[in-house]
Amino acid sequence: MLDKQQGARLANLWDEAKAASMSESERLLYRSNLLGSDKRITNYGGGNTSAKVMEKHPLGGGTVEVLWVKGSGGDVGTIKMDGFATLYMDKLEALKELYRGIEHEDEMVGYLPHCTFNLNPRAASIDTPLHAYVPKKHVDHMHPDAIIAIAASRNSRELTQKIFGDDIGWLPWKRPGYELGLWLEKFCRENPAARGVVLESHGLFTWADTARECYATTIEIINKAIAWFEAENTAAPFGGAVKPALPTTERRAIAQKLMPIIRGLIGTDEKKVGHFDDSEAVLDFVISKDLASLAALGTSCPDHFLRTKIRPLVVDFDPARPNIDSTLAGLADAIAAYRADYASYYERCKHANSPAMRDPNAVVYLVPGVGMITFAKDKATARISAEFYVNAINVMRGASGVSTYVGLPEQEAFDIEYWLLEEAKLQRMPKPKSLAGRIALVTGGAGGIGKATANRLMAEGACVVLADIDGEALASAQAELAGRYGKDFVRSVAMNVTDEALVEKSFADTLSEFGGLDILVSNAGLASSAPIEETTLALWNKNIDILATGYFLVSREAFKIFRRQKAGGNVVFVASKNGLAASPGAAAYCTAKAAEIHLARCLALEGASEQIRVNVVNPDAVLRGSKIWTGEWKEQRAAAYKMDVDDLEAHYRERSMLKRSVFPEDIAEAIYFLASDMSAKSTGNIINVDAGNAQSFTR
C-alpha cells in the first residue's frame, strides 16, 4: 500500500442524471471538478482535461471543431467555464506544417494564440498539443500517486505492462511540449485499442469518446494501480522505522522553535510564510531508514518538482536523543550548505540563455521524528508545496516498495525549473503586495478597530492571527475575513491578554501556523469611567491589567520571536488621546493609557538596534463597531458630559478641530502605515487619529 488513504478505492462519482442535460463543454467542467476533488487523482493545479466540441462559428457559416482544454495556471478541482482555453482544431492541425523539430518546439507556444476560438482571453497551456493530437474526443491527464509510483520506478515500462497489459501503454520521459503531443498521437494511431498511456516520471493519460467513459476509465485505471500496490507492496515503508516519532505536543513544540529561526535565515531578500505537516504519511518518511537517501534523489513528476525544488533539506535532529539547542545552532550552517549546493547545481546545468539563478533556499525541510516544514511566498503556496511533497512521499513509498525509485535526472529537472517559458510566466506575475509574506497578530481582533486593521493588512497580502477574548465574535470575524481573502491567510486564537500562559500559547500557535511573526498590533482594550472617589481598586487594576500589563505581555512575546528571527519587527500600540490629554472621571483609564504610551517609548529604545520598531496610534471617539462603546462606557461618558447617549457622536465630531467623525478604517489606515515599509524610518512615534484635538498634540 502507498498509505492508508491510497489503499482506499476511488469512488465513481459521475451522476448521469445531472450530466444528461449538460452541454459537452459543461460535461467537461463537471468531469474536471470531479477529478480534481480528490488529491489521490491529481494535486492542486496539476493535470489537465479536454474535450473536442462542435461549436457554431462566431462569424456564421456552420460549425467548427473546437478544443476545450484547461487554460494555463488553472486547477481542475476549482476551474470554472472561463478557466478553459478554446482553440480551433483545424488551426492546431495546421501547426504541424510549421514545426521545425525538437530544437524549436518552444516556439510553437507562440502560435497557440493564433488558434484561439471566439477571442477567448484564457491563455492556452504548454499541454495543449498533448490533448489536441490524441485522436479521441475526451482526454484526461492526471497525476495520481499510484500511477506516478509506477512511472518513477526503474522498471516502469515492465511494471506498466505487468499491471495493465496492452490496455495502457508506456512512453519514456519527455518534457511536456509539442514533441510529446506528436508522440502521443503516434502512440494512439499505432495502438488503437489502448485506453491510455503511462508517461515515465510524469503521470497518466486516458481517453475516450464520451466524457462519462473518459472519467470512468481514469478512475478504473487508478483503482487498478492502487489494488496492485495493496497486494504487492507489503514491505515496511522506506526500509522501516529507525527513529521514534515524538508525541504530538512535542512535535509541535519542536516545530515552533525551528520555524522562526529557519524563516529568519531564509527571509533576508523575501519574507516567507511557513506550514507544518506531521501527518501519518510524513511521519512514516521522517522516521525511516531510507529518509536521507530518498530525499537526496528529489521528486520525479515535473509538477512536484516545480513546487518543492530540486530536493529537500533534512534537518540534523535526533528524536531519540533530542537536543534542540544543538539543532538550532547548526541551522545557519545547514542552510548555507544547501544554498551552496543549489548554486553548484545551477552552475553545472545552466545554458548560455538560462535565466539568472533564483532563490537558492530550500522549500521543504524534513525533521526526523517531527514532520515537515515548508516555506514559500505566502501561506497558500507553502501549504500546497507541502501537499505536493506528500504526493512525492507516496510515490517514493510505492516505487521503493516494489522496485527502485528514480528521481527526475538533474539536467531535466533544471531544464524544467529554468525553462524560458516558465521564466516568462514568472515575469508576467503581478508585483507582490506591500505586506506579502508578512505575518501579523492583532489583539482585540474581533472588535471594530481590530477587524478593520486585519482587513487592511490582509488586503496588502499579510497573514493575520486574530486574538480576542470573545469567542463568538472571534469566529465570526475569522469567517468573514476568510471568505474575503481565503482561509489560508487568517487564523484565530482565544486570548486574554492578562493571562501570561495563554499569551505565550497564542504566540507559540502563531509560529506553528505561519512560521514566524513580523507585526504585532496591540489593540485589546476596555474603557471605564468613574469619579476618583468611586473608582474601586478592582476597576483600577482591571484597567492596568489590560491596558498596561496586557500590552507588556504581548510585546514581550513578540520581542522574543523578533530576536530569534533576527529580521527586525514591528509593534503598533493602539492607545488613546486620553493617554496624552486628561479627561474628567476616567483616572484609571487615562493613567493606564499613559503607561501604555510610555511602554511603547521604552520598547522603541530597546528594539532599535535590532530594527524592531514600536509606534503608537492614538484614536479618539471611535464609536462605530467598537465593543467598548457599548453599554456602560457610552452611558458613563454621556453622563460625564451631561447629554443623551444618542448625542455623543455628534458631540465628539463637533468638538474636534476638523469637525469629522473617526471610524475604525481610519485607525486601520494609520496602523497599516506604521506596520509597512512606508514608515521604515519611524520608531517611538505617535500618530493621533482624532480629527484634531489641541489637548493631545504631542509637542
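Analyst: A helix axis is a line fitted to C-alpha atoms, over the stretch in contact, and angles between axes run from 0 to 180 degrees. Keep in mind that this is a predicted model.

User: How do I use that for a pair of helices? At what angle do the axes of helix H10 and H14 cross?

Analyst: The axes of helix H10 (residues 248-266) and H14 come within 10 Å, and the crossing is at roughly 35°. H10 passes H14 in a right-handed crossing.

User: Which residues make the contact of H10 with H14?

Analyst: H10 supplies Ile254, Lys257, Leu258, Ile261, Ile262, Leu265 and Ile266. From H14 come Ile324, Thr327, Leu328, Leu331, Ala332, Ile335 and Arg339. Sorted by class, the contact has 11 nonpolar, one polar and two charged residues.

User: Are H18 and helix H19 roughly parallel or roughly antiparallel?

Analyst: The axes of H18 and helix H19 (residues 471-485) come within 11 Å and cross at roughly 20°. Angles under 35 degrees count as roughly parallel, so H18 is roughly parallel to H19. The crossing of this pair is right-handed. On the H18 side, the contact is made by Lys451, Ala454, Asn455, Met458 and Ala459. On the H19 side, it is made by Ala477, Glu480, Leu481, Arg484 and Tyr485. These residues divide into six nonpolar, one polar and three charged.

User: What does a left-handed pair look like here? Where do H9 and H15 touch?

Analyst: Helix H9 (residues 211-232) and helix H15 (residues 379-402) have axes that come within 10 Å and cross at roughly 55°. The two helices are therefore oblique to each other. Their crossing is left-handed. Trp228, Phe229 and Glu232 of H9 make the contact with Gly398, Ala399 and Val402 of H15. By class, four are nonpolar, one is polar and one is charged.

User: What is the reach of H18 from its first C-alpha to its last?

Analyst: Helix H18 (residues 448-459) reaches 17 Å, close to the 16 Å expected at 1.5 Å a residue. Gly461 follows H18 and has a positive phi, near 100°.

User: What covers the buried residues of H16?

Analyst: Start with the buried residues of helix H16 (residues 410-417): Ala413, Phe414, Asp415, Ile416 and Glu417. Their cover includes H13, helix H14 (324-349) and helix H17 (420-427). H14 is the helix that H10 crosses at roughly 35°.

User: How should I read a positive phi? Which value does Lys309 have?

Analyst: Most residues other than glycine have a negative phi. Lys309 has a positive phi, near 75°. Look for Lys309 in the loop between helix H13 (302-308) and strand E9 (313-314). Lys659 is not a glycine either, and its phi is about 55°. Lys659 sits in the loop between helix H24 (648-655) and helix H25 (664-675).

User: Is Lys309 buried or exposed?

Analyst: With 13% relative accessibility, Lys309 counts as buried. Lys659, at 44%, counts as partly exposed. Glu93, in helix H4 (residues 89-94), is partly exposed, with a relative accessible area of 32%.

User: One last residue. Where is His143, and which residues is it in contact with?

Analyst: His143 is in the loop between strand E4 (138-142) and helix H6 (145-151). Its relative accessible area is 2%, so His143 is buried. Leaving aside neighbours within four places in sequence, the residues in contact with His143 are Ile41, Thr42, Asn43, Gly46, Gly47, Ile148, His202, Gly203, Cys301 and Asp303.

Terms used. Residues numbered from 1 in each chain as written. Predicted model: local features only at pLDDT ≥ 70, side-chain atom pairs only at ≥ 80, totals over all residues. Heavy atoms only, no water. Helix = DSSP H or I, 4+ residues; strand = E, 2+ residues; numbered from the N terminus. Parallel < 35°, antiparallel > 145°, perpendicular 65-115°, else oblique. Left-handed = near helix turned anticlockwise from the far one by under 90°. Contact = heavy atoms within 4.5 Å. Nonpolar A, V, L, I, M, F, W, Y, C, P; charged D, E, K, R; others polar. Buried < 20%, exposed > 50% of the residue type's maximum accessible area, 1.4 Å probe, protein only. Expected span 1.5 Å × (residues − 1).
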